[in-house]
Amino acid sequence: MVTDFMSADYRWLRSPDGNGTKQGRVLFRCRKAHNGYFTNLDIHNHAKTAIGILDEHYSNEDHVLMFDNATTHLKHAENTLSACKMPKGIPKNGENWGVEVNQVSADGKVMLGSAQ
């Protein structure tokens, strides 16, 4: 995964020394055997690096940082629950997403011994 900052005026965020000794790019190898997963802390550290470059080399200008990390939140372990697969809306009468519930009489009282 590659994450970086870009400017309309300066292109990719780099120190202006021509060598790019300081840069806003992060190369991240996902999965357990590499860097793990890109976490909120990684995003925070990436922003701190970018702000450091801007403060040091472009402090006479105002800057706005924008993040599009929506796809970061889609990655999850295979065996975890996913909100994307959750049912939408109210289940049909008699169904309750696989959770046992007590039967309720017409007057709203629980009918003991009659779980679905």
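**A tyrosine and its partner**

Tutor: Tyr58 is buried, with a relative accessible area of 9%, where buried means under 20%, exposed over 50% and partly exposed in between, computed with a 1.4 Å probe on protein chains only. This is a predicted model, in which local features need a pLDDT of at least 70 and side-chain atom pairs count only at 80 or more, while totals for chains, interfaces and linings use all residues. Residues are numbered from 1 along each chain as its sequence is written, and side-chain values use heavy atoms, with hydrogens and water left out.

Rings of Phe, Tyr and Trp (for Trp, the six-membered ring) pair if their centres lie within 6.5 Å, and the planes count as stacked under 30 degrees apart, edge-to-face over 60 and tilted for the rest. By this rule there is 1 aromatic pair. It joins Tyr10 and Tyr58, whose ring centres are 4.6 Å apart and whose planes meet at 35°, so the pair is tilted. Because Tyr10 lies in the loop between strand 2 and strand 3, and Tyr58 in the loop between helix 1 (40–57) and strand 5 (103–104), the pair ties together parts that are 48 residues apart in sequence. Helices (H or I, at least four residues) and strands (E, at least two) are DSSP runs numbered from the N terminus.

Strand 2 (6–7) and strand 3 (11–12) each supply at least two residues of the lining of the largest pocket, which has a volume of about 310 Å³. Of its 18 lining residues, the closest to its centre are Met6, Ser7, His63, Val64 and Leu65. On a 1 Å grid over the protein atoms alone, a pocket is an open set of points with protein on both sides within 12 Å along at least five of seven lines, and lining residues have an atom within 4 Å of a point.

Helix 1 also holds Ala50, which counts as buried at 0% relative accessibility. Leaving out residues up to four places away in sequence, Ala50 touches Phe5 and Leu13, where contact means heavy atoms within 4.5 Å. The C-alpha atoms of Ala50 and Arg14 are separated by 8.8 Å, although these residues are 36 apart along the chain.

Turning to the whole, the protein has 1 helix and 6 strands, in the order β-β-β-β-α-β-β along the sequence. Buried residues make up 16% of its 116 residues. Among contacts between residues at least 6 apart in sequence, 41% join residues at least 24 apart.

A last word concerns confidence. The average pLDDT, the predictor's confidence in each residue from 0 to 100, is 77 for the protein, and 79% of the residues score at least 70. Where pLDDT is low, the predicted coordinates should not be read in detail.

Methods:
On a 1 Å grid over the protein atoms alone, a cavity is a set of points where a 1.4 Å probe fits but cannot get out, and a pocket is an open set with protein on both sides within 12 Å along at least five of seven lines; lining residues have an atom within 4 Å of a point. Grid points are joined across faces, edges and corners, and a volume is the space filled by probe spheres set on the points.
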